[in-house]
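I opened my notebook to look up how this chain is put together. I wanted the overall layout before any single residue.

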Amino acid sequence: RLSFVRTAHNQQSEMGRKRVAQSLLDLGHVHLQLDRPQIAKEFLREALHITRNLGVASHPSLYAKALDRMGSCHKDLKQFEEAKTMFLEELHFVEQHGFSQ
């Protein structure tokens with residue numbers, strides 16, 4: 001897992017960091033589908049971190065997906081307040097940027 005984090009931080013280009021963030025999102029999604037929300041949370045947390053550093057306005061779809069999947073992860077872990085926070089943040093972000101996933 002840490003190798004993805006190191007890869008993201010070693011990427012010189014924005015496109016490289018975006019690809020790593022997308023891969024982390026995909027891995028988080030797979031772990032959610034396999035009913036492993038605690039593992040998914042680690043990947044999704046890092047994807048959110050990278051996406052925020054890239055600039056959420058530059059990558060709105062990626063950021064919205066990360067928020068949505070992190071909300072699902074919290075929901076599966078029965079961390080309902082955290083899930084609500086993620087889903088509300090996603091809703092406000094999508095409304096603010098005027099797009100749908």
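My entries below go from the whole chain down to single residues.

**Entry 1: the whole chain.** I noted at the start that this is a predicted model. I looked up the secondary structure next. The protein chain has five helices and zero strands. Read from the N terminus, the order of elements is α-α-α-α-α.

Entry 2: How much of the protein chain is buried? I found that buried residues make up 38% of its 101 residues. Then I checked the surface. The accessible surface of the protein chain is about 5,900 Å². Carbon and sulfur atoms hold 51% of that surface.

**Entry 3: contacts along the chain.** I took the contacts in the protein chain with a separation of 6 or more. Of these, 55% are between residues 24 or more positions apart.

**Entry 4: the core.** Which residues touch the most other members of the largest nonpolar core? This core has 22 residues. I wrote down Leu24, Leu25, Leu44, Leu48, Ile50, Met70 and Cys73 as those touching the most other members. The elements giving two or more residues to this core are helix H2 (14-33), H3, H4 and H5.

**Entry 5: Leu48.** I picked Leu48 from that list. Leu48 sits in helix H3, which covers residues 37-54. Is Leu48 buried or exposed? Its relative accessible area is 3%, and the cut-off for buried is under 20%, so Leu48 counts as buried. I then looked up its contacts, leaving out residues up to four places away in sequence. Leu48 touches Tyr63, Ala66, Leu67, Met70 and Met86. I also checked Leu25. Leu48 and Leu25 are 23 residues apart in sequence, and their C-alpha atoms are 8.5 Å apart in space.

**Entry 6: Met70.** I turned to Met70 and again set aside neighbours within four places in sequence. Met70 is in contact with Lys41, Leu44, Arg45, Leu48 and Met86. Met86 is also on the contact list of Leu48.

**Entry 7: the aromatic pair.** How many aromatic pairs does the structure hold? I found one. The ring centres of Tyr63 and Phe93 are 4.9 Å apart, and their planes meet at 75 degrees. Planes over 60 degrees apart count as edge-to-face, so this pair is edge-to-face. Tyr63 lies in helix H4 (residues 60-76), while Phe93 lies in helix H5 (residues 80-97). The pair therefore ties together parts that are 30 residues apart in sequence. Last, I checked burial. Tyr63 and Phe93 are both buried.

Terms used:
Residues are numbered from 1 along each chain as its sequence is written. This is a predicted model: local features need pLDDT of at least 70, side-chain atom pairs count only at pLDDT 80 or more; totals for chains, interfaces and linings use all residues. Side-chain values use heavy atoms; hydrogens and water are left out. Rings of Phe, Tyr and Trp (its six-membered ring) pair if their centres lie within 6.5 Å; planes under 30 degrees apart count as stacked, over 60 as edge-to-face and the rest as tilted. Helices (H or I, at least four residues) and strands (E, at least two) are DSSP runs, numbered from the N terminus. Buried means under 20% relative accessible area, exposed over 50%, partly exposed in between (1.4 Å probe, protein chains only). Contact means heavy atoms within 4.5 Å. A nonpolar core is a set of buried Ala, Val, Leu, Ile, Met, Phe, Trp, Tyr and Cys residues joined through side-chain atoms within 4.5 Å. Accessible areas come from the Shrake-Rupley method with a 1.4 Å probe; for residues, only the protein chains shown count as cover.
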